Amino acid sequence: MTTVEMNTILGDRMEDSAGDLFSTTIKERYLNRAQDKVIQALNPHLLTDLHVLVTGISMRTDNDVDTHFKSYFIPTQAQDLASDPFGGPLGILGIRINDSNFIRKVSFDMVKDFSTGYVSFNGTEPVYFVFKGRIYIYNNTANVDCYYIKTPAVLASSPASNCELNAIFHDAILEFAEAELWRTVNNQERMNTALTRGYEYIGRYNQNPATNVVGEGLPFDYSSSNALIDPIYPNYPVG
């Protein structure tokens, strides 16, 4: 669905097809707000149209945290990425050593405990944490790859800038935009009706599993070996 089509449908729903009450500028303002709401509400694995991989990111260094966490990169378009992640560092899906192991995310509290000797990290299991909007990586000087959800293009009819999300999510965007517009004219009943429809869409979308494996979401067993043991289809002994 193009932005022009979204504007037309939104005008019809608001009983304002001529745009006398809600101009194109106003409708697009709330379409963009609705797009952000949908992205926030959807499970990250559904946002494949916004997934980005940037490889070979060079490390910067400082001594702000700890001598073992000197290496970092800045996850913004202005610095080390091809585009801005949606939600800043919260939009990062994963980081790995260039063409090698993925890096586990830890909390700032764990880094503080490391600095005081309560926990330890090792080079075979690299870790990172977020501080000051930067990604600090333990004992690493190698380039890294970053997987993230990018900030979508702003919806506009002129010049044309259409929604980058999969078309199946466009109806939810329209519902949330309609709800916002009813809010501006203080029509609570129709606002709540549109919100309910929007969240019903989101609920159905989020029921789609990432792998289509029955029981997805149950924890995998790491306890006995490095091999993952699927809780639904375990590795039964042979013979």
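Me: What makes Met-6, Ile-9, Leu-10 and Arg-13 in H1 contact residues, and which residues in H4 do they meet?
Reply: Contact means heavy atoms within 4.5 Å. In this predicted model, the four H1 residues meet His-170, Leu-174, Glu-175, Ala-177, Glu-178, Leu-181 and Trp-182 in H4. By class, this contact has 7 nonpolar, 1 polar and 3 charged residues, where Ala, Val, Leu, Ile, Met, Phe, Trp, Tyr, Cys and Pro count as nonpolar, Asp, Glu, Lys and Arg as charged, and the others, Gly among them, as polar.

Me: Why are H1 and H4 called oblique to each other?
Reply: Helix H1 (residues 3-13) and helix H4 (residues 170-184) pack at about 45°, with axes 10 Å apart. Angles under 35 degrees count as roughly parallel, over 145 as roughly antiparallel, 65 to 115 as roughly perpendicular and the rest as oblique. H1 and H4 are therefore oblique. Their crossing is right-handed, that is, the near helix is turned clockwise from the far one by less than a right angle.

Me: How do you know that Arg-13 and Glu-175 form a salt bridge?
Reply: The term requires a side-chain nitrogen of Lys or Arg within 4 Å of a carboxyl oxygen of Asp or Glu. For Arg-13 and Glu-175 the N to O distance is 3.3 Å, and the pair is a salt bridge. Arg-13 lies in H1 and Glu-175 in H4, so the pair ties together parts 162 residues apart in sequence. The whole structure has 16 salt bridges.

Me: What is the relation of H1 to H2, and why?
Reply: The axes of H1 and helix H2 (residues 24-41) come within 10 Å and cross at roughly 105°. That makes H1 roughly perpendicular to H2. Thr-3, Met-6, Asn-7, Leu-10 and Gly-11 of H1 and Thr-24, Lys-27, Glu-28 and Leu-31 of H2 make the contact, with 3 nonpolar, 4 polar and 2 charged residues.

Me: What makes E1 and E2 edge strands?
Reply: Strands pair if DSSP finds at least two bridges between them. The open sheet has 8 strands in the order E1-E8-E4-E5-E6-E7-E3-E2, with mixed pairing. Strand E1 (51-57) and strand E2 (60-61) each pair on one side only, and are the edge strands.

Me: How do you know that E4 and E5 pair?
Reply: Strand E4 (residues 92-97) and strand E5 (residues 102-105) are joined by 2 bridges and run antiparallel. Ile-95 has Ile-103 in E5 as its bridge partner.

Me: What conventions apply to numbering and to the predicted model?
Reply: Residues are numbered from 1 along each chain as its sequence is written. Local features need pLDDT of at least 70, and side-chain atom pairs count only at pLDDT 80 or more.

How values were computed:
Side-chain values use heavy atoms; hydrogens and water are left out. Axes are lines fitted to C-alpha atoms, for helices over the stretch in contact, and angles run from 0 to 180 degrees between N-to-C directions.
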